[in-house]
Amino acid sequence: MNKSKLKKLFSGMCCNICKHDFDEDAIFIKREEKNLLVLQIVCPECGKSFGIALLGTSSIDTKEKIEDDALSFQDCPLPISYDDVLDAHHFIDKLEKDWTKYIPDELKN
């Protein structure tokens with residue numbers, strides 16, 4: 001499989017830690033079989049591993065046929081900050097003791 005095709009597939013995506021775009025250096029092909037790739041994505045900037053993925057290669061050919069502007073990706077969300085964690089803690093701390101009454105019965109247990 002041509003790495004430039006994979007780069008095109010992951011274009012517009014970035015690391016959720018350092019916001020570095022995924023490029024050819026981020027893609028490691030672990031195994032290649034007919035119509036199937038096993039690959040790993042690792043941020044070339046900060047080294048965060050995004051695990052192993054199985055990818056049907058027919059989907060890559062399909063994406064190439066779609067016009068470039070037909071697919072768009074959202075900006076990466078900002079990582080959770082210490083302030084976000086503190087805000088959540090304060091919110092939970094202020095809940096009433098019987099806060100579980102607001103959880104629908106089908107979601108309990």
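Helices, at least four residues long, and strands, at least two, are DSSP runs, numbered from the N terminus. On that basis, the protein reads α-β-β-β-α-α along its sequence. The total comes to 3 helices and 3 strands. The model is predicted.

The protein has 109 residues, and 17% of them count as buried. Its accessible surface is about 8700 Å². Carbon and sulfur atoms contribute 53% of that surface. Among contacts with a separation of 6 or more, 40% join residues 24 or more positions apart.

The 3 strands form an open sheet. Their order is β1-β2-β3, and the pairing is antiparallel. Strands β1 and β3 (residues 49-56) are the edge strands, since each pairs on one side only. On average, neighbouring strands of the sheet are turned by 15 degrees against each other, with direction ignored.

The pairing can be followed strand by strand. Strand β1 covers residues 27-33 and pairs with β2 over 6 bridges, in the antiparallel sense. Within this pairing, Arg-31 has Val-38 of β2 as its bridge partner. The hairpin of β1 and β2 has 2 residues between the strands. In this hairpin, Asn-35 takes a positive phi near 60 degrees. Strands β2 and β3 also pair in the antiparallel sense, over 6 bridges. Here Val-42 stands opposite Ser-49 in β3. The hairpin of β2 and β3 has 6 residues between the strands. In that hairpin, Gly-47 takes a positive phi near 85 degrees.

Strand β2 spans residues 36-42 and includes Gln-40. Is Gln-40 buried or exposed? The relative accessible area of Gln-40 is 17%. The cut-off for buried is under 20%. Gln-40 is therefore buried. Its side chain makes a polar contact with the side chain of Lys-30, at 3.3 Å. Leaving aside residues up to four places away in sequence, Gln-40 touches Ala-26, Ile-27, Phe-28, Lys-30, Ser-49, Gly-51 and Ile-52.

Asp-25 lies in the loop between α1 (residues 3-9) and β1. Its relative accessibility is 54%. Exposed means over 50%, so Asp-25 counts as exposed. What does Asp-25 touch, not counting residues up to four places away in sequence? The partners are Val-42 and Pro-44. Asp-25 and Cys-43 are 18 residues apart along the chain. Their C-alpha atoms are separated by 8.1 Å.

Helix α3 was considered next. This helix runs over residues 82-93 and holds 12 residues. How far apart should the ends of α3 be, at 1.5 Å a residue? The expected span is 1.5 Å times one less than the number of residues. For α3 that should give 16 Å.

Methods. Residues numbered from 1 in each chain as written. Predicted model: local features only at pLDDT ≥ 70, side-chain atom pairs only at ≥ 80, totals over all residues. Heavy atoms only, no water. Buried < 20%, exposed > 50% of the residue type's maximum accessible area, 1.4 Å probe, protein only. Polar contact = N/O pair within 3.5 Å; in protein donor to acceptor, adjacent residues only side chain to side chain. Contact = heavy atoms within 4.5 Å. Areas by Shrake-Rupley, 256 points an atom, 1.4 Å probe, with all protein chains shown as cover. Pairing = 2+ DSSP bridges. Axes fitted to C-alpha atoms, helices over the stretch in contact; angles between N-to-C directions.
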